[in-house]
Amino acid sequence: MKKLINRPESAVEEMVEGLVAAYPGLARLPGQTVVVRADAQEERDRRVALISGGGSGHEPAHAGYIGRGMLSAAVLGEVFTSPGPDAVLAAIRAVTGAPGVLLIVKNYTGDRLNFGLAAEIARTEGINVAMVVVADDVALAASADNAGRRGLAGTILVHKIAGAAAEAGASLEQVTAEARAAAEAVGTMGVALTPCTVPAAGRPSFALGDDEIELGLGIHGEPGVRREALEPADDLVDHLVNAILGDAPPAPGERAALLINNLGATPTMELLIVARCALARLESLEVKVERVYLGTFLSALEMAGVSLSVLRLDDARLARLDAATEAPAWPNAAARPRVPNATVPPSRKAKKKGGLPRSAAEPPRTELGRALEHAILAAMVALIDAEPTLTELDRVVGDGDLGLSLERGARAVREALGTSSYPLDDPSATLQALGLTLQKALGGTSGALYALLFLHASARLRTLASTDPKAWADAFRTGAAALGDLGGSRPGDRTMLDALLPALDALDASLDANATLVDALDAAASAAEAGSDATARMSPRRGRSSYLGDRVLGYPDPGAVAVAVWLRAVASAL
């Protein structure tokens with residue numbers, strides 16, 4: 001178990017200390033893991049108080065939603081453990097005045113019992129207490145076989161609506177009615193890609209295979225409706241949306257808010273992919289999505305996965321969502337109206353002045369053109385096949401994306417070849433087109449490097465006789481020089497040049513010795529392979545490997561290996 005904690009038993013205590021230190025609008029009740037508004041004493045008699053809470057490990061819930069316009073207090077238990085009634089009662093006493101208090105509770109047995117017991121005791125003290133239980137999980141149906149639908153991320157939307165109502169001066173009865181109506185109008189379903197680890201347990205709460213997911217699980221790792229194989233994001237989102245809307249089918253034109261919740265370890269990129277599909281699916285069903293909230297709202301420690309919540313809207317509920325709040329975890333851009341299918345119009349393209357080669361739109365007619373097509377295709381197939389090897393190498397010494405990037409570029413080139421998009425009978429123009437394809441398809445550093453190599457080689461070859469093998473060596477040496485000049489790299493720096501330059505030296509030497517083209521290319525490929533192998537003994541001075549220092553020794557540079565891969569393929573093809 002790797003976590004940024006000191007001791008498992010002190011994790012919640014130290015988290016609370018950090019929370020109140022980081023946010024000046026929050027304060028802690030002495031001796032309790034209860035966080036309240038710093039101005040709770042001044043506010044208690046002005047408006048209805050709101051209290052929520054539950055086990056820790058769901059941050060930013062619930063303490064992140066304390067502030068004007070949302071909660072008055074949050075009661076925190078140990079990780080995934082309901083807080084006791086004493087802590088809940090202390091929170092009630094601290095923030096409640098004459099207007100009364102509403103407890104917003106997720107539908108878990110421990111939370112219902114402990115918050116409920118505290119409410120009963122508070123009532124005996126003359127405190128006006130109401131309670132709303134949120135059970136927005138559409139994955140389960142209430143039955144004698146389970147504790148009913150669980151409270152999930154839709155609870156945060158209930159916080160917001162009830163908080164806005166209280167801030168507007170509504171009575172306890174009115175706030176409770178709005179909160180209960182919102183709880184009934186929201187549905188949530190989630191999917192987990194990985195389990196999570198409770199610090200005190202030290203091991204994952206459940207096990208998932210590398211290709212397994214859990215649909216409809218709870219936020220503590222409780223079993224979902226089914227476990228199945230990983231599917232593309234669009235298919236998973238369809239399952240979630242269909243389950244939510246199937247629970248209460250919307251009428252055409254019905255208005256809604258969509259909340260896309262990170263369960264803990266899901267990259268924002270993936271959340272946005274989910275948002276794209278969820279919005280498209282909802283709009284295809286004629287649901288008018290007026291607000292979208294995306295981020296981490298109610299997590300399950302470091303679980304990778306996502307939940308979707310759909311809240312039905314009317315004008316009054318939308319106004320509550322848009323009302324201002326000072327709660328630190330509520331998104332500050334949340335009140336901006338959404339414009340469906342918003343796109344930026346494309347800019348007017350400048351007229352070309354011979355910059356891009358004109359498409360040939362026909363197969364090559366010359367022997368050189370056919371040989372060039374055959375060589376390029378062989379190189380691209382080799383890079384596609386080498387993707388797992390290059391990816392694993394780059395995972396060890398870089399950021400793990402080189403194999404996938406080169407595969408993507410190779411497929412783009414292969415597609416261009418398949419549509420006769422390269423003027424293969426004009427080798428210089430073909431190299432230029434190849435460089436531009438790779439620049440666009442590869443992206444990043446690799447895209448720039450390969451574009452430099454091929455564009456400079458193209459410009460040099462244009463001045464030479466393209467039927468002369470020595471001219472090709474000259475052209476690619478010009479491209480290699482451009483790589484060194486712009487990238488600041490030299491032989492021995494552990495880069496692609498450590499495979500490319502030895503290959504060009506071997507090619508020149510073989511041609512000078514009157515070797516056949518086949519033998520010269522074989523010698524060049526062998527020199528590239530030897531050069532790439534030698535990088536395993538070089539200390540990195542360029543690229544991301546340079547930050548790893550001697551830890552990369554023993555592993556060849558992936559960029560150099562890639563050069564050896566495509567050069568060997570070219571030699572074999574010709």
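Tutor: With a definition: two strands pair if DSSP finds at least two bridges between them. Keep in mind that this is a predicted model.

Student: What holds paired strands together in general?

Tutor: Strands of a sheet pair through backbone hydrogen bonds, either parallel or antiparallel. In this chain, six strands make an open sheet with the order E1-E2-E4-E3-E5-E6, and the pairing is mixed. At the edges are strand E1 (26-28) and strand E6 (129-134), each of which pairs on one side only. From one strand to the next, the twist averages 25°.

Student: How many bridges join E2 to E4, and in which sense do these strands run?

Tutor: Strand E2 (residues 34-37) and strand E4 (residues 73-79) run antiparallel and are joined by three bridges.

Student: Which strands does helix H1 touch?

Tutor: Helix H1 (residues 11-22) packs on the sheet and touches E1, E2, strand E3 (49-56) and E4. The direction of H1 makes about 140° with that of E1. Helix H4 (residues 109-124) also packs on the sheet, where it touches E3, E4, strand E5 (101-106) and E6. The direction of H4 makes about 170° with that of E6.

Student: Which strands pair with E8?

Tutor: Strand E7 (residues 186-192) pairs with strand E8 (residues 212-215) in the antiparallel sense, over two bridges. Ala-192 has Glu-214 in E8 as its bridge partner. E8 also pairs with strand E9 (residues 226-229), again in the antiparallel sense, over four bridges. There, the bridge partner of Glu-212 is Ala-229 in E9.

Student: How do I describe a pair of helices?

Tutor: Two packed helices are described by the angle between their axes and the distance between the axes. Take helix H7 (residues 233-247) and helix H8 (residues 268-284): they pack at an angle of about 50°, and their axes are 9 Å apart. That angle makes H7 oblique to H8. The crossing of H7 and H8 is right-handed.

Student: Which residues of H7 and H8 meet?

Tutor: From H7 come Ala-233, Asp-234, Val-237, Asp-238, Val-241, Asn-242 and Leu-245. From H8 they meet Ile-273, Val-274, Arg-276, Cys-277, Ala-278, Arg-281 and Leu-282. By class, this contact of H7 with H8 has nine nonpolar, one polar and four charged residues.

Student: What is the phi of Glu-286, and of Asn-514?

Tutor: Glu-286 is not a glycine, yet its phi is positive, about 65°. Glu-286 sits in the loop between H8 and strand E11 (288-295). Asn-514, also not a glycine, has a positive phi of about 65°. The loop that holds Asn-514 runs between helix H16 (497-512) and helix H17 (517-534).

Student: How does the chain as a whole compare with a compact globule?

Tutor: The chain has a radius of gyration of 31 Å, whereas a compact globule of 574 residues would have one near 25 Å. Along the principal axes, the C-alpha atoms fill a box of roughly 105 × 55 × 45 Å. The chain has 18 helices and 12 strands.

Note on methods. Residues numbered from 1 in each chain as written. Predicted model: local features only at pLDDT ≥ 70, side-chain atom pairs only at ≥ 80, totals over all residues. Heavy atoms only, no water. Axes fitted to C-alpha atoms, helices over the stretch in contact; angles between N-to-C directions. Contact = heavy atoms within 4.5 Å. Parallel < 35°, antiparallel > 145°, perpendicular 65-115°, else oblique. Left-handed = near helix turned anticlockwise from the far one by under 90°. Nonpolar A, V, L, I, M, F, W, Y, C, P; charged D, E, K, R; others polar. Rg over C-alpha atoms; globule rule 2.2 N^0.38 Å.
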